[in-house]
Amino acid sequence: VHEGWSKYILRKSAEKKLPKEIVWRSTKIGFEAPKNWMLSKEILLQVIRESPFLDEYIDKEKISTNIDDVSLWKLYNLAVWAREFNVQEKG
């Protein structure tokens, strides 16, 4: 937050690429998973379990479909980010 504007860094980075009325609108909301994505937790869990990056941080065998949606979504995004950008743990 900067001078009352949420997501200020994101807005500034988008300033030259998007129209001002989109970048600086005050009705922005957070980045949440669409609810229908969370219906198939097994697919998201599979991505998490296959992530070598997450091996150092979580015990994948303890993660089940009982995990809360917020934690599942965060772990899934971290696993996808690590895969897409070829991020590897420095051991």
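# Why these labels?

User: Why is Asp69 called partly exposed?

Analyst: Asp69 has 36% relative accessibility. Buried means under 20% relative accessible area, exposed means over 50%, and partly exposed lies in between (1.4 Å probe, protein chains only), so Asp69 counts as partly exposed. Keep in mind that this is a predicted model, where local features need pLDDT of at least 70, side-chain atom pairs count only at pLDDT 80 or more, and totals for chains, interfaces and linings use all residues. Residues are numbered from 1 along each chain as its sequence is written, and side-chain values use heavy atoms, leaving out hydrogens and water.

User: What makes Lys41 and Asp69 a salt bridge?

Analyst: Their side chains meet at 3.1 Å, N to O. A salt bridge needs a side-chain nitrogen of Lys or Arg within 4 Å of a carboxyl oxygen of Asp or Glu, so this pair qualifies. It links distant parts of the chain, with Lys41 in helix 3 and Asp69 in helix 4, 28 residues apart. Helices (H or I, at least four residues) and strands (E, at least two) are DSSP runs, numbered from the N terminus.

User: And why is Lys41 called buried?

Analyst: Lys41 has a relative accessible area of 17%, and that falls under the cut-off for buried.

User: How do you know that the buried residues of helix 3 are on the same side?

Analyst: These residues are Lys41, Leu44, Leu45, Val47 and Ile48. They cover an arc of only 155 degrees around the axis, which puts them on the same side of helix 3. The arc is taken from the directions from the helix axis to the C-beta atoms.

User: Why does Lys60 count as buried?

Analyst: Lys60 lies in the loop between helix 3 (41-49) and helix 4 (69-84). Its relative accessibility is 12%, so Lys60 counts as buried.

User: What makes Lys60 and Asp55 a polar contact?

Analyst: Their side chains come to 2.5 Å. A polar contact is a pair of N or O atoms within 3.5 Å; within protein, one must be able to donate a hydrogen and the other to accept it, and residues adjacent in sequence count only if both atoms are side-chain atoms. The pair is also a salt bridge, at 2.5 Å, N to O.

User: Why is Phe85 called exposed?

Analyst: Phe85, in the segment after helix 4, has a relative accessible area of 59%, so Phe85 is exposed.
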